[in-house]
Amino acid sequence: AVVYARTAEGKADAAAQQRPTGADAAAHAVRAAEREGLLLIPADRKDSTTGYKNVTHNVEQSGVRKYKLQMQKKGKRLSCGLFGTAEEAALAYARTPEGRADAERLRRPAPVPRTAAAIEAVQQAEREGLTLVLSANATGYKNVTVDQRKSKCQLQVRAAGRQQTIGLFDSPEEAALAYARTPQGRADAEQQQRRSAATSQPSSRPPSLPASLPAPP
């Protein structure tokens, strides 16, 4: 046993035995991200089962490594490894150039409201103690997209396994407020605040409102 322990294989096996597993491994990955100043990127797909971008849970995978990290490169979907927890896979992605770029987008300040209705939505969120959940998408808010045909902002959430449209709004802030009032929105807001605290970033609440409305175009 002593002879084997001195070999490369023996040292690798010993290291594997010392690695944390399960909840300990997940917590270890979160702490590692904090130490490295990284952000575990939340899923941008509404049907994600792991909560992290590019990380999927393969229930049919044998063994303890059931979480797969996949990335799109040069038009191809490539597998970048299997991990024991979603957090370990998310940490691996956070260390990539793509993960760092996503983190930079998420750390950008919230969009500045441009209309009276948008400003009122931000103020109402503050009055209700709500946080508008940010995203790296075109509107700046999670689950909010622009319906070009109707020139409106659309709020969609996934419920009961289906994508459902909640409503159309005149501004992203109004749609984001509607989402912030939902149980899912409140849970996402808590996660957003924890990520901000963990990475020592400024609060992710909306920015200070302008003293007056911008001049109309």
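**A friendly tour of a predicted fold**

Q: In this predicted model, how many residues lie between S2 and S3 in the hairpin they form?
A: Let's start with the turn, where Lys74 has a positive phi of about 55°. The two strands, S2 (residues 67-73) and S3 (residues 76-83), pair in the antiparallel sense. The hairpin they form has between its strands 2 residues.

Q: Over how many bridges do strands S2 and S3 pair, and which residue in S3 is the bridge partner of Lys68?
A: The pairing of S2 with S3 is antiparallel and runs over 6 bridges. Within S3, the residue bridged to Lys68 is Leu82.

Q: Is Lys74 buried or exposed?
A: Lys74 sits in the loop between S2 and S3. Its phi is positive, about 55°, although it is not a glycine. Exposed means over 50% relative accessible area. Lys74 has 86% relative accessibility, so it counts as exposed.

Q: Where does Asn54 lie, and is it buried or exposed?
A: Most residues other than glycine have a negative phi. Asn54, which is not a glycine, has a positive phi of about 65°. Its place is the loop between helix H3 (22-36) and strand S1 (55-57). With a relative accessible area of 17%, under the 20% cut-off, Asn54 is buried.

Q: How many helices and strands does the chain have?
A: Reading along the sequence gives the pattern α-α-α-β-β-β-α-α-α-β-β-β-α-α. In total, the secondary structure comes to 8 helices and 6 strands.

Q: What percentage of the residues in the chain is buried?
A: The accessible surface of the chain is about 13,200 Å², and carbon and sulfur atoms account for 51% of that surface. Among contacts between residues at least 6 apart in sequence, 50% join residues at least 24 apart. Of the 217 residues in the chain, the buried share is 34%.

Q: Which element supplies the largest share of the largest nonpolar core?
A: This core has 20 residues, and those with the most contacts inside it are Leu132, Tyr141, Val144, Leu155 and Leu177. Helix H6 (116-127), strand S5 (152-159) and helix H7 (172-180) each supply at least two of its residues. The largest share, 6 residues, comes from H7.

Q: Why is H7 described as largely enclosed by the rest of the structure?
A: The buried residues of H7 are Glu173, Ala175, Ala176, Leu177, Ala178, Tyr179 and Ala180. H7 is largely enclosed because, of its 9 residues, the number buried is 7.

Q: Which side chain is joined to that of Thr131 by a polar contact?
A: Thr131 is found in the loop between H6 and strand S4 (144-147). With 4% relative accessibility, Thr131 is buried. A polar contact of 2.7 Å joins its side chain to that of Gln193.

Q: What distance separates the C-alpha atoms of Arg186 and Leu132?
A: Arg186 belongs to helix H8 (residues 183-198), and with a relative accessible area of 44% Arg186 is partly exposed. Leaving aside neighbours within four places in sequence, Arg186 is in contact with Leu130, Ala180 and Arg181. Arg186 and Leu132 are 54 residues apart along the chain, and their C-alpha atoms are separated by 9.0 Å.

Q: What distance separates the C-alpha atoms of Ser151 and Phe169?
A: Ser151 lies in the loop between S4 and S5. At 62% relative accessibility, Ser151 is exposed. Ser151 and Phe169 are 18 residues apart along the chain, and the separation of their C-alpha atoms is 9.2 Å.

Q: How many disulfides are counted in this model?
A: A disulfide is a covalent bond between the sulfur atoms of two cysteines. The rule used here asks for a pair of cysteine sulfur atoms within 2.5 Å. Among the cysteines, Cys80 is partly exposed at 35% relative accessible area, while Cys153 is buried at 7%. By that rule, the disulfide count is 0.

Key
Residues numbered from 1 in each chain as written. Predicted model: local features only at pLDDT ≥ 70, side-chain atom pairs only at ≥ 80, totals over all residues. Heavy atoms only, no water. Buried < 20%, exposed > 50% of the residue type's maximum accessible area, 1.4 Å probe, protein only. Core = buried A, V, L, I, M, F, W, Y, C linked by side-chain atoms within 4.5 Å. Helix = DSSP H or I, 4+ residues; strand = E, 2+ residues; numbered from the N terminus. Polar contact = N/O pair within 3.5 Å; in protein donor to acceptor, adjacent residues only side chain to side chain. Pairing = 2+ DSSP bridges. Contact = heavy atoms within 4.5 Å. Areas by Shrake-Rupley, 256 points an atom, 1.4 Å probe, with all protein chains shown as cover.
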